Amino acid sequence: MSSASNIELAGLELSGNFPFMNAPGSINGAGEEGFRLEFMDYVRAPGTIAMVGSVTIPYKEGNIAKYGGPVYQHIESTGATYNSMGLPNLGIERYEQILPELAVIAHDHDKKLGVSLAPISDNPGAEWNQMIERVMEKGVDIIELNAGCPNVYNENNEPKTVLSLVPEALGVALEQVQSRFGQHLTSPIFGVKLSPAPVSDFRNPEFNEKIIQKQAEAINYLGLYGYVAYANTFGGQVPIDENNIELPLSVPGGGGGVSGPIVADVMNDQTEVFMSYLNEDIDVVASGGISSGEELNKRLSIDSRVKIGSSVTALWKAPSIGAGATKIAEEYSRIAG
Ligand SMILES: Cc1cc2nc3c(=O)[nH]c(=O)nc-3n(C[C@H](O)[C@H](O)[C@H](O)COP(=O)(O)O)c2cc1C
């Protein structure tokens with residue numbers, strides 16, 4: 001049954017009154033059975049969009065297969081999540097086959113279906129275009145272009161450059177997509193997921209505003225992307241516990257992208273800066289440290305263009321993904337009424 005809504009993302013009307021979605025990476029994985037169980041658990045829970053992926057062109061087992069574990073740590077006492085999952089996913093070919101069915105299931109549960117696409121080669125624009133071709137007519141409502149995964153390694157075991165931290169290259173890749181699909185960019189709607197400006201110390205975070213300004217300018221210049229998901233994880237840092245003891249991940253260097261409640265304040269600050277440069281007609285999906293109804297409400301209060309919030313950490317640290325979404329929904333409804 002469809003419920004009335006006043007939530008809209010880039011012109012797409014969303015159902016219900018809980019402005020939240022699962023962030024990419026929360027429903028994914030190299031095994032289809034586990035992926036489907038997570039998807040079903042989440043679609044039954046409160047939320048506006050079911051986001052699957054990030055998907056890559058090849059099937060990817062992820063870093064656990066290559067380097068062993070652990071590739072994920074959540075330190076409850078500091079609120080820091082570290083991950084170096086390395087995009088484990090079924091690959092574009094299998095996604096292409098199952099997306100129509102996932103779309104029907106999402107729609108039956110009053111949710112839109114989103115798919116996040118992650119390029120891993122040195123030609124991200126061409127890779128996005130290849131993947132978009134394959135998911136375009138498959139019932140998907142939202143295509144999110146992931147320009148920010150820090151956990152992909154080259155053949156020398158060095159982390160690859162994060163596209164959204166090189167705004168000129170980001171602009172070139174997005175322009176390639178726009179020149180191929182420009183006429184379609186409102187149906188499905190297109191979003192771009194960016195990385196935040198790097199920080200080295202979350203207790204005393206300093207960041208370079210210039211890079212954020214350049215990211216916004218790249219999006220503004222193109223003008224056709226409906227929303228920006230702001231933002232992905234802070235690039236590779238070795239996990240530390242509350243006593244500063246290192247708990248390295250199994251990947252080269254031992255580090256992973258940082259997210260979770262520890263990044264909430266700096267992400268609030270960066271989102272404000274980002275939005276001060278972003279064109280008025282581009283919406284934002286907030287990401288980074290939203291693990292409570294209160295934090296969700298705070299992020300939405302930054303600006304009316306922040307339409308929904310998203311999280312991985314809040315869903316993964318709960319007993320199940322659906323339970324995590326339900327908890328935030330209950331907290332949010334007590335605050336927002
Ligand atoms: C385990 C894990 C896997 C992730 N995988 C992806 C991914 O595949 N694509 C993507 O765009 N972001 C990915 N992210 C980033 C999240 O979508 C999100 O932006 C980030 O974790 C900040 O939110 P949080 O503080 O609620 O975790 C991942 C994060 C985590 C923790």
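Guide: Start with strand E4, residues 49–55. Of its 7 residues, 7 are buried, so the strand is mostly covered. Buried means that 20 or more other C-beta atoms, placed from the backbone, lie within 10 Å of the residue's own; 12 or fewer means exposed, and in between means partly exposed. Strands (E, at least two residues) and helices (H or I, at least four) are DSSP runs, numbered from the N terminus. This is a predicted model, in which local features need pLDDT of at least 70 and side-chain atom pairs count only at pLDDT 80 or more, while totals for chains, interfaces and linings use all residues. Residues are numbered from 1 along each chain as its sequence is written.

Which strand partners E4? E4 runs parallel to E7, and 6 bridges join them. Two strands pair if DSSP finds at least two bridges between them. Look at Met51: Gly114 in E7 stands opposite.

Follow E7 back towards helix H3. Between H3 (92–108) and E7 (112–117) is a loop, and Asp110 lies in it. Asp110 is not a glycine, yet its phi is positive, about 65°. Most residues other than glycine have a negative phi. Asp110 has 17 other C-beta atoms within 10 Å, so it is partly exposed.

Next, the open sheet. It has 4 strands, in the order E5-E6-E12-E11, and the pairing is antiparallel.

E5 pairs with E6 over 4 bridges, in the antiparallel sense. His74 has Thr81 of E6 as its bridge partner. The two strands form a hairpin with 4 residues between them. There, Gly79 takes a positive phi near 75°. The peptide bond from Gly69 to Pro70 is cis, with omega near -5°. Most peptide bonds are trans.

E11 and E12 run antiparallel and are joined by 2 bridges. Gln237 has Gly256 of E12 as its bridge partner. The loop between E11 (234–237) and E12 (256–259) holds Asn244. Here too phi is positive in a residue other than glycine: near 65° for Asn244. Is Asn244 buried or exposed? It is exposed, because it has 6 other C-beta atoms within 10 Å.

The peptide bond from Ser187 to Pro188 is cis, with omega near 0°. Pro188 lies in the loop between H5 and strand E9 (189–194).

Finish at the ligand. How many residues surround the ligand? There are 28, and the closest are Ala23, Gly25, Ser54, Ser259 and Ser311. A residue counts as near if its C-beta atom, placed from the backbone, lies within 6 Å of the molecule. Strand E6 (80–83) and helix H9 (313–316) are the elements that give two or more residues to this shell. By class, the shell has 11 nonpolar, 16 polar and 1 charged residues. Ala, Val, Leu, Ile, Met, Phe, Trp, Tyr, Cys and Pro count as nonpolar, Asp, Glu, Lys and Arg as charged, and the others, Gly among them, as polar.
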